[in-house]
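Here is a chain to question term by term. Each answer sets a value against its cut-off.

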Amino acid sequence: MWVYEKKLQYPVRVSKCDPRMAKYLIEQYGGADGELSAALRYLNQRYSIPDKVIGLLTDIGTEELAHLEMIATMVYKLTKDATPEQLEAAGLGAHFVNHDNALFYENAGGVPWTATYIQAKGDPIADLYEDIAAEEKARATYQWLIDFTDDVDIQDSLRFLREREIVHSLRFREAVEILKADREQKKVY
Amino acid sequence: MYDNQWREWKPYVSPLDPCPPMRIKRYVVPPNQYIPFQPMNLPQFPLNEALFRGTLWPALYSPYPSRRATKGG
């Protein structure tokens, strides 16, 4: 179970009225390398992975949910006061027709989130390598998003999220090292 | 059948589990995990054996016994 704290992991301030940016931020909400994919991927892998790294997956998977909230907050702030005309001008006309101002788990191209974005191979090394790759891809996405806005407040929050991807990648690589341990241990069956 | 490429761990077993527990689970760590960049002049298999095994170098060879053939755990 989880305990919820009614605050964001890191402050989200949006200082520029720019609904266009919401369309791109949604990539990290419902995209293949987004926070929903990350959270569900890690929290699902926990069950069949060796017990030494279950806690790590729980912690990082939970943090990804906190990141999901931050992205959602950005998108919400950017779109909540937009008229249909403004949404259409921002490239969100199709989104408006389908969802009004509601958020939806989709990527920047409007493709709905799908479970095929995540994997659970059952082999601990393969699963952790997917996690490492996912963190690096999410880091890259944050870079391109930072490149795509001149709102310094959004950039600040995105830089925090990008840094977390760097830390998570290292933690997953440490988990691989943990699972590689006791190499010399000879076993007789 | 399990060589030193295999690791084992003991998953939690609940007194309330519906099925007989598997007390030991195993996974394989293939040898590429320990070779960040392959050094020169590693020992080699004879060529016909290399073709059969899929690699020229014993250091990279990872046998994978079928877990289906084993009894018990």
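Q: What makes the crossing of H7(A) and H8(A) left-handed?
A: H7(A) passes H8(A) in a left-handed crossing. The term applies if the near helix is turned anticlockwise from the far one by less than a right angle; clockwise would be right-handed. This is a predicted model, where local features need pLDDT of at least 70, side-chain atom pairs count only at pLDDT 80 or more, and totals for chains, interfaces and linings use all residues. Residues are numbered from 1 along each chain as its sequence is written, while chains are lettered from A and ligands numbered from 1 in the order in which they are written.

Q: Why is H7(A) called roughly antiparallel to H8(A)?
A: The two helices pack at an angle of about 165 degrees, with axes 9 Å apart. Axes are lines fitted to C-alpha atoms, for helices over the stretch in contact, and angles run from 0 to 180 degrees between N-to-C directions. Angles under 35 degrees count as roughly parallel, over 145 as roughly antiparallel, 65 to 115 as roughly perpendicular and the rest as oblique. So H7(A) is roughly antiparallel to H8(A).

Q: What kinds of residues make the contact of H7(A) with H8(A)?
A: They divide into 15 nonpolar, four polar and eight charged. Ala, Val, Leu, Ile, Met, Phe, Trp, Tyr, Cys and Pro count as nonpolar; Asp, Glu, Lys and Arg as charged; the others, Gly among them, as polar.

Q: Why is H3(A) called roughly antiparallel to H7(A)?
A: H3 (residues 35-45) and H7 (residues 124-147) of chain A pack at about 165 degrees, with their axes 11 Å apart. That angle therefore makes H3(A) roughly antiparallel to H7(A). H3(A) contributes A:Ala38, A:Arg41, A:Tyr42 and A:Gln45 to the contact, and H7(A) contributes A:Asp127, A:Asp131, A:Ala134 and A:Ala138. These residues divide into four nonpolar, one polar and three charged. The crossing of H3(A) past H7(A) is left-handed.

Q: How do you know which pattern chain A follows?
A: Chain A has eight helices and zero strands. Helices (H or I, at least four residues) and strands (E, at least two) are DSSP runs, numbered from the N terminus. Read along the sequence, the pattern is α-α-α-α-α-α-α-α.

Q: Why is A:Asp59 called partly exposed?
A: A:Asp59 has 13 C-beta neighbours inside 10 Å, so A:Asp59 counts as partly exposed. A:Asp59 lies in H4 (residues 54-79) of chain A. An unreviewed UniProt entry lists A:Asp59 under "binding site".

Q: What makes A:His168 buried, and which residues does A:His168 touch?
A: A:His168 has 25 C-beta neighbours inside 10 Å, so A:His168 counts as buried. Leaving out residues up to four places away in sequence, A:His168 touches A:Ile60 and A:Glu135. Contact means C-beta atoms, placed from the backbone, within 7 Å.

Q: Which residues does the UniProt annotation "binding site" cover, and how do you know that they cluster in space?
A: The annotation (unreviewed entry) covers A:Glu35, A:Glu64, A:His67, A:Glu135 and A:His168. They are spread over 134 residues of sequence, yet the largest C-alpha distance is 12.8 Å. UniProt positions follow the numbering used here, feature names are shortened, and annotations may be inferred rather than shown by experiment.

How values were computed. Two residues are in contact if their C-beta atoms, placed from the backbone, lie within 7 Å. A residue is buried if 20 or more other C-beta atoms lie within 10 Å of its own, exposed if 12 or fewer, and partly exposed in between; C-beta atoms are placed from the backbone.
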